Amino acid sequence: MIRGVFSVYKPRGLTSADVTNRIKKILLESVAKGEGLKSLKVGHGGTLDKSAEGVLMIGIGKDCKRLSNFLTSEKWYQVTGEFGKSTDTYDSEGTVTSIKPFEHITSHDLQTILRSFEGQILQTPPRFSALKKNGRRLSDLAREGVVVDIKPRPVAIHSITLDSLLPPFFTLSVHCSSGTYIRSLVHDIGMKVGSAAHVRTLCRTRQGQFVLANALKEGDWSPQNILMAIKVFTPNLND
């Protein structure tokens, strides 16, 4: 029986569900078929936005239940944002909702503001997100024009580093707790710096012990590589 946990590099343009369906199809058409299996459970350990890329944990078979152990693990991201514009989705996929000046932003001022976000903070998730209200995704409600009162939630920003500032663009490295929305973080930074901001690109570089360098890239999603990744990583997991 196929089972285990490993990580893939989710490319931009695919949802997390798209990835699990692809992995399931690959295994069902090869390994599972040889074992006489007609179905196979495949899950992921933490949603990545369709427009984001990076580490996505995958669980196979009975080890899908182990994914819950890692949902609360810390995460690392690299994000490039753009000052001067905010959008309804907090990323470049959305509709621009405001345009504000950004020429006044300096590296010194930005780094000072970034430090104010470190530690335990209250963060309001985006209206367009996978969170649910009365059993329905907030993103679905937002598309229907339904106004929802979204409560701020406690999250932890362990560290946030300014990698580059080439106005209007800036790049950050963020180490944070589970439940943190990088889109909200960038949006809030834009407001606090006296401008507006949204996410241009987002990459999850690490989740718990799973790092980007060891994540299977799309071109390597073969039965052999998947089974090898399961063999390598599953025995080393901390339950």
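**Cysteines and rings, a quick chat**

Me: Let's start with Cys 176. Buried or exposed?
Reply: Buried: Cys 176 has a relative accessible area of 0%. Bear in mind that this is a predicted model.

Me: And Cys 64, buried or exposed?
Reply: Cys 64 counts as buried because its relative accessible area is 11%, and the cut-off for that is under 20%.

Me: How many disulfides are there?
Reply: The count is zero. Cys 176 is in no disulfide, and the nearest cysteine sulfur, that of Cys 203, is 13 Å away.

Me: OK, switching to rings. How many aromatic pairs turn up in the whole structure?
Reply: Two. In one of them, Phe 83 and Phe 170 have ring centres 4.1 Å apart and planes at 20°, so that pair is stacked.

Me: Where do Phe 83 and Phe 170 lie?
Reply: Phe 83 is in strand S4 (residues 75–83) and Phe 170 is in strand S11 (residues 169–176), so the pair ties together parts 87 residues apart in sequence. Phe 83 and Phe 170 are both buried.

Me: What about Phe 210 and Phe 233?
Reply: Their ring centres are 5.7 Å apart with the planes at 40°, so this pair is tilted. Phe 210 and Phe 233 are buried.

Me: Which ring does the charged end of Arg 206 sit over?
Reply: That of Trp 76, at 4.1 Å from the ring centre. The charged end of Lys 192 sits over the ring of Phe 117, 5.3 Å from its centre.

Notes: Residues numbered from 1 in each chain as written. Predicted model: local features only at pLDDT ≥ 70, side-chain atom pairs only at ≥ 80, totals over all residues. Heavy atoms only, no water. Disulfide = S-S within 2.5 Å. Buried < 20%, exposed > 50% of the residue type's maximum accessible area, 1.4 Å probe, protein only. Phe/Tyr/Trp six-rings, centres within 6.5 Å; stacked < 30°, edge-to-face > 60°. Helix = DSSP H or I, 4+ residues; strand = E, 2+ residues; numbered from the N terminus. Lys NZ or Arg CZ within 6 Å of the ring centre and 35° of its normal.
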